[in-house]
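Welcome! Take a moment to look over the sequence and the fold before reading on. This short report then visits a few strands and one loop.

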Amino acid sequence: MSKFMSAADAVALIRDGDTVGLMGGGGGLMEASCLFEAVQARYLHTQHPQRLTVIHALGIGDKHTKGMNCFAHEGLVQRVVGGHWVWSPAMQQLAEAEKIEAYILPGGVSSQLLREIGAGRPGLFTHVGLGTVCDPRLGGGKMNASAQEDLSEVVQMDGREYLRYKPFPIHVALVRASAADEDGNISFEHEAANLDSQSLALAARNSGGKVIVQVKERLPRGALKAREVRIPAAWVDAIVVDPDQRTSYGIPFDPALSGELHGQARLSSEAADQAAEQAQAAKQFSERQAIARRAALELFNTDKERPVVNYGVGVPDAVAKLLSARGEMHSIYQTIEHGTYGGTLLDGVLFGYARNASAMLDAATQFDFYAGGGLDIAFLGFGEFDAQGNVNVSRLGGLTVGPGGFIDIAQNARKVVFCGTLAAKGVRLQTGDGQMRVLQQGAVKKLVPQVEQITFSGAQSLLRGQQVLYLTERASFRLTPQGVELFEIAPGIDLQRDVLDQMGFVPQLAPRVGVMAAEHFLSAPSSQG
């Protein structure tokens with residue numbers, strides 16, 4: 001029998017109460033949009049399937065109608081185990097209203113756990129998540145009152161603590177790929193990443209579940225070479241051809257994103273307009289560029305001649321742009337958790353894409369590399385941090401945000417550089433002449449007495465011997481055994497008025513508080529300094 005069928009017939013394989021594994025990233029990265037929309041259409045028409053458990057490692061959606069927003073219907077889902085939630089405000093609202101059981105897992109843990117489920121092993125044993133919200137002593141991944149089950153447990157092995165993330169069957173995997181041949185062999189040739197597609201398909205296949213794959217092309221038998229096949233036909237139950245499948249929501253196809261060719265962007269007119277606006281905004285010097293310049297110095301304060309680097313979203317991606325503009329990409333090995341090395345990183349809704357990448361790995365393998373100590377330095381954002389050096393990015397203002405790959409990265413990099421503004425909401429700053437001035441203080445303090453949720457543990461970091469910095473536009477801090485220490489301020493900043501009075505705790509002060517270089521705050525392009 002042919003495995004090719006309509007999207008409606010394929011999603012009819014999903015039963016009430018099933019656990020459904022999804023893959024994808026923001027902006028439509030490897031998102032099986034046709035399948036997601038078919039699930040939504042079936043539910044709205046028939047009220048089935050019901051009470052699904054949905055698991056996804058990274059953020060999926062556009063904050064409106066796509067991705068996880070297709071599943072954000074009361075009754076359709078009962079439980080969501082999500083790595084990153086911000087692309088689906090509707091799902092966040094269901095969690096806040098206690099209409100679903102809301103959980104989070106680190107993105108890498110999700111990918112690796114799927115692999116362990118597929119191998120029939122007794123869960124994932126790892127240090128990742130210790131001392132964070134994913135530790136059962138600090139929440140066990142539960143994000144609302146409806147969530148009652150701990151997703152992990154603490155175990156002791158060889159005198160050390162680890163977390164065991166518990167396995168569960170995957171009844172259906174919704175996978176996205178490029179092409180399938182008549183037998184059902186699957187290729188990712190035109191995709192901009194691999195993500196956790198193999199791990200997800202393996203988990204469903206060996207759980208006795210269904211593997212449903214969305215592709216753009218149907219190829220004759222034998223058209224795919226053996227090394228082009230990423231998921232073998234033996235794992236696949238159903239294939240849906242979507243001829244309108246796109247590289248991203250705004251990009252029909254770009255071979256420079258799939259690694260097939262080197263070249264410039266191929267954008268739709270809408271995406272081109274957005275890119276032009278972003279480029280114009282990037283030319284306007286602001287506190288983001290000042291923080292990025294200060295942060296970039298840390299690349300030259302490592303013992304590696306060519307360090308392995310990861311960038312998070314927000315202010316950290318300004319560091320990546322700075323190095324690219326300076327022509328210094330050859331001095332680092334650039335990685336992102338989606339499995340990509342090198343290239344030019346896209347930002348905003350397209351975070352996770354890289355143009356002209358040098359390598360693409362599966363996400364689980366990339367996270368193995370991180371967890372094993374392969375990452376030298378990470379530039380990450382922060383929602384808030386406290387006197388003990390704990391950082392929160394996973395729950396802000398009462399909303400479930402999720403960590404994405406943050407926990408896996410922050411807990412394992414040898415050096416972590418958190419980058420962000422000192423305050424939020426209503427802040428007005430002036431810079432560009434070699435100084436930083438605060439014209440209006442912010443209504444929201446981001447340096448708080450105690451974080452709402454621990455996504456990065458200062459205590460665990462000290463145990464692991466990491467070097468940790470917290471860089472803002474006004475002051476620089478570092479983690480010490482005595483707590484967070486302020487060691488540097490920006491030129492033009494009044495230490496008491498602009499920093500200490502805007503904090504929710506009193507930091508340790510270095511014996512000598514230095515002043516950042518004025519050139520970080522000049523609107524003219526900066527050299528290495």
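In what sense do strand S22 and S31 pair, and over how many bridges? Strand S22 (residues 384-386) runs parallel to its partner S31, and two bridges join them. Keep in mind that this is a predicted model. Within this pairing, Phe385 sits opposite Leu447 of S31.

These two strands belong to an open sheet of three strands, ordered S23-S22-S31, with mixed pairing. Strand S23 (391-392) and strand S31 (447-448) form its edges, each pairing on one side only.

Now turn to strand S11 (residues 210-215). Five of its six residues are buried, so S11 is largely enclosed by the rest of the structure. S11 pairs in the parallel sense with strand S8 (residues 172-176) and also with strand S14 (residues 238-241).

| Strand pair | Bridges | Residues facing each other |
|---|---|---|
| S8 and S11 | five bridges | Arg176 and Gln214 |
| S11 and S14 | four bridges | Ile212 and Ala238 |
| S22 and S31 | two bridges | Phe385 and Leu447 |

Finally, is Gln482 buried or exposed? Gln482 lies in the loop between strand S33 (475-480) and strand S34 (483-489). Its relative accessible area is 58%, so Gln482 is exposed. Between the C-alpha atoms of Gln482 and Ala238 there are 57 Å, and the two residues are 244 residues apart along the chain.

Methods. Residues numbered from 1 in each chain as written. Predicted model: local features only at pLDDT ≥ 70, side-chain atom pairs only at ≥ 80, totals over all residues. Heavy atoms only, no water. Buried < 20%, exposed > 50% of the residue type's maximum accessible area, 1.4 Å probe, protein only. Pairing = 2+ DSSP bridges.
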